[in-house]
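Keep the picture beside you and follow along.

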Amino acid sequence: MTARFFFFLYTLGIRTGNLFIYISHFFNAKILLMYNGRRSTLDKIKSKPSDFEGCIWIHCASLGEFEQGRPLIEQIKLTHPDKKILVSFFSPSGYEIRKNYPQADEIIYLPSDLPTNNRKLLDYYKPVLFILVKYEFWWNLIAEIQHRKIPIFLVSGVFRAGDYFLKPWLITCQYLLNKFNTIFVQDIQSCNVLKKHNINHVIQTGDTRIDRVLDNVGNVVIPEKLKRVTLGKQVIVYGSVWKSDMSIVSIVMTAFPDFIHIVAPHDIHPVNIDKILEQIPIPSRLYSDVNLDKNVIIINNIGMLSSIYRLANFVYIGGGFGKGIHNILEPAVFRVPVFFGPNHKKFNEAVTLVSMNAAFCIHHGEAMVAYCIKILNDKHYSSEIADRLVQYFNQNRGATHKILSHLKLNNL
């Protein structure tokens, strides 16, 4: 496929997607946020002069990618406080939660990937460096950045042989990837996949999220009301759970009715919480209730989960029976056994920890119950799990500083 034909089809696809977003924003609250946020970005760059020339632009798909980019943002701010940082998001679930993040000088929704939008953005912000996190490939934007000879990097990348942009007929995408200054990847498999396609500006640095969770360990603040209710009790935390996880949750709660069970739904909309409550087999309270006098507590806010993991003796992470698991590094850093469903193969940290017998893939609730009983009854086994988790984090820390050493920010 020629480059001209690729960009024609790709841009046509973007315009079709825009039409879908326009129609859907009348009916879907999340898409409405995206639609209004994109318009707000374009209105902003029309209505006020820019003082961002020379900024560093970091783009994240959503909240998970932001957490991977965050250690880099904070180190850049620490070492180069004169550099302005622009952070852009694709998804409302990233932007709406981090729109007031203090380390960024400006946070925006990324408008749709049309050439006209990209030219307006780059003319306005005039970045001297552009960083994509993990796998955010907006090909028109990448092409325009490379046309302007702005240095472009990818951090914490993960590549697999089956990725669409590595197909033989999408040679244009591979050409654009080959023009990145450097692609920093999490694992050796990603290096090998890219080099097989003659993409050679690749360095294995690991996952920056590991630096993030290690830095966060010393800054955990646990609410007093949770400290009181969990004192002296065994605690199981269920993080980012979906409806598809609730059969597991229900079985484990039934097996351990005297434990404290803290459930953090992925979606805290009251309608979703009501659906979750219907599947909980023992009496419960919402975290917002005055008295937490039941053994099940439903967290009905956002932002506490990473700290709550410190209270846990066991953790179940949701998503493994749906599109994919959520962040397992946040609980694993506290050296507790972490359980999740089978849809975890695209997450390197999960695959590695399972292979080390430091985390556990389960297919039904009875399996988690059996593991918990074994761990409770065998202190040596429990210590082995903790030691393996310490080993994993010690072996994989430092990605942020490795990347910074290659960015050469002093030369910008």
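## Arg212 and its partner

With a relative accessibility of 15%, Arg212 counts as buried (buried means under 20% relative accessible area, exposed over 50% and partly exposed in between, with a 1.4 Å probe and protein chains only). Its side chain meets that of Glu67 in a salt bridge, 3.3 Å from N to O. For a salt bridge, a side-chain nitrogen of Lys or Arg must lie within 4 Å of a carboxyl oxygen of Asp or Glu. Arg212 belongs to helix 9 (residues 208–216) and Glu67 to helix 3, so this pair ties together parts that are 145 residues apart in sequence. Glu67 also counts as buried, at 10% relative accessibility.

Before going on, note that this is a predicted model, in which local features need pLDDT of at least 70, side-chain atom pairs count only at pLDDT 80 or more, and totals for chains, interfaces and linings use all residues. Residues are numbered from 1 along each chain as its sequence is written, and side-chain values use heavy atoms, leaving out hydrogens and water.

Arg70 is buried, at 13%, while Glu74 is partly exposed, at 25%. A network of salt bridges links Glu67, Arg70, Glu74, Arg98 and Arg212.

Another pair is Glu349 with Arg209, at 2.8 Å from N to O. Glu349 lies in helix 15 (residues 348–355) and Arg209 in helix 9, so the pair ties together parts that are 140 residues apart in sequence. Both Glu349 and Arg209 are buried. In total, the structure holds 15 salt bridges.

Now look for an open sheet whose seven strands follow the order 3-2-1-4-5-6-7, with parallel pairing. Helices (H or I, at least four residues) and strands (E, at least two) are DSSP runs, numbered from the N terminus, and two strands pair if DSSP finds at least two bridges between them. Strand 3 (106–109) and strand 7 (202–204) stand at the edges with a single partner strand each, so one side of each has no neighbour in the sheet.

Strand 1 is mostly covered, with five of its five residues buried. Ile56, Ile58 and Cys60 point one way, and Trp57 and His59 the other way. Five bridges pair strand 1 with strand 2 in the parallel sense, and the bridge partner of Ile56 in strand 2 is Ile85. From strand 1, the chain crosses through helix 3 (residues 63–79) to strand 2 in a right-handed β-α-β crossover. Right-handed means that, with the strands pointing away from the viewer, the path from the first strand over the helix to the second runs clockwise. Strand 1 is also joined to strand 4, by four bridges, and there Ile56 stands opposite Leu129.

## An enclosed helix

Seven of the nine residues of helix 6 (residues 139–147) are buried, so this helix is largely enclosed by the rest of the structure. Among those buried residues are Trp139, Leu141 and Ile145. Their cover includes helix 1 (3–24), strand 1 and helix 5, where contact means heavy atoms within 4.5 Å. After helix 6 comes Lys149, whose phi is positive, near 60 degrees.
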